[in-house]
Amino acid sequence: MINLRGLFILLLWAAVPWTAGAHAFLDRAEPAVGSQVRVTPAQVKIWFTEKLEPSLSRVQVFDAGGREVDRRDVHPDPSNAALLEVSLPALKPGKYKVVWRAVSVDTHTTSGTFGFEIVP
């Protein structure tokens with residue numbers, strides 16, 4: 001005998017439009033999200049879960065006053081299409097906010113922020 005309830009659930013599940021949407025989410029960062037470091041990092045590096053479209057993706061670093069402090073040279077790592085980097089000058093102790101926008105190669109967009117702190 002056919003289990004009607006099970007058949008109904010199977011048909012309902014099959015009717016849902018499942019897509020294989022790939023989004024580039026933050027995997028890890030250097031300096032680490034929420035970390036405290038004693039020395040200014042030479043750059044902020046963000047690894048994503050998918051390959052990126054570098055011309056549409058960005059990373060910016062802001063000080064506590066909201067001033068952009070990175071060198072505005074965002075670029076992908078030549079050996080890893082899922083890694084974005086931006087260079088930093090010497091920074092004073094304080095809190096910094098990283099703002100990122102990632103566009104994966106299939107054009108899905110994600111964005112976010114995180115902070116790190118340089119301590120004396």
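**Salt bridges and backbone exceptions**

R67 is exposed, at a relative accessible area of 56% (exposed is over 50%, buried under 20%, partly exposed in between, with a 1.4 Å probe and protein chains only). This is a predicted model, in which local features need pLDDT of at least 70 and side-chain atom pairs count only at pLDDT 80 or more, while totals for chains, interfaces and linings use all residues. Residues are numbered from 1 along each chain as its sequence is written, and side-chain values use heavy atoms, without hydrogens and water.

**Salt bridges**

- The whole structure holds 3 salt bridges (a side-chain nitrogen of Lys or Arg within 4 Å of a carboxyl oxygen of Asp or Glu).
- R67 pairs with D63 at 3.4 Å, N to O; D63 is buried at 19% relative accessibility.
- E68 and R72 form a salt bridge at 3.2 Å, N to O; E68 is buried at 17%, whereas R72 is exposed at 60%.
- D27 and R28 are joined with their closest N and O atoms 3.3 Å apart; D27 is partly exposed at 45%, and R28 is partly exposed at 44%.

**Backbone**

- Most residues other than glycine have a negative phi, and most peptide bonds are trans.
- R72 has a positive phi, near 55°, and is found in the loop between β4 (58–63) and β5 (75–77) (strands are DSSP runs of E, at least two residues, numbered from the N terminus).
- T107 has a positive phi of about 75°; T107 lies in the loop between β7 (94–103) and β8 (109–118) and is exposed at 59%.
- E30 and P31 are joined by a cis peptide bond, with omega about 0°; P31 is in the loop between β1 (26–30) and β2 (36–37).

Note on methods: Helices (H or I, at least four residues) and strands (E, at least two) are DSSP runs, numbered from the N terminus.
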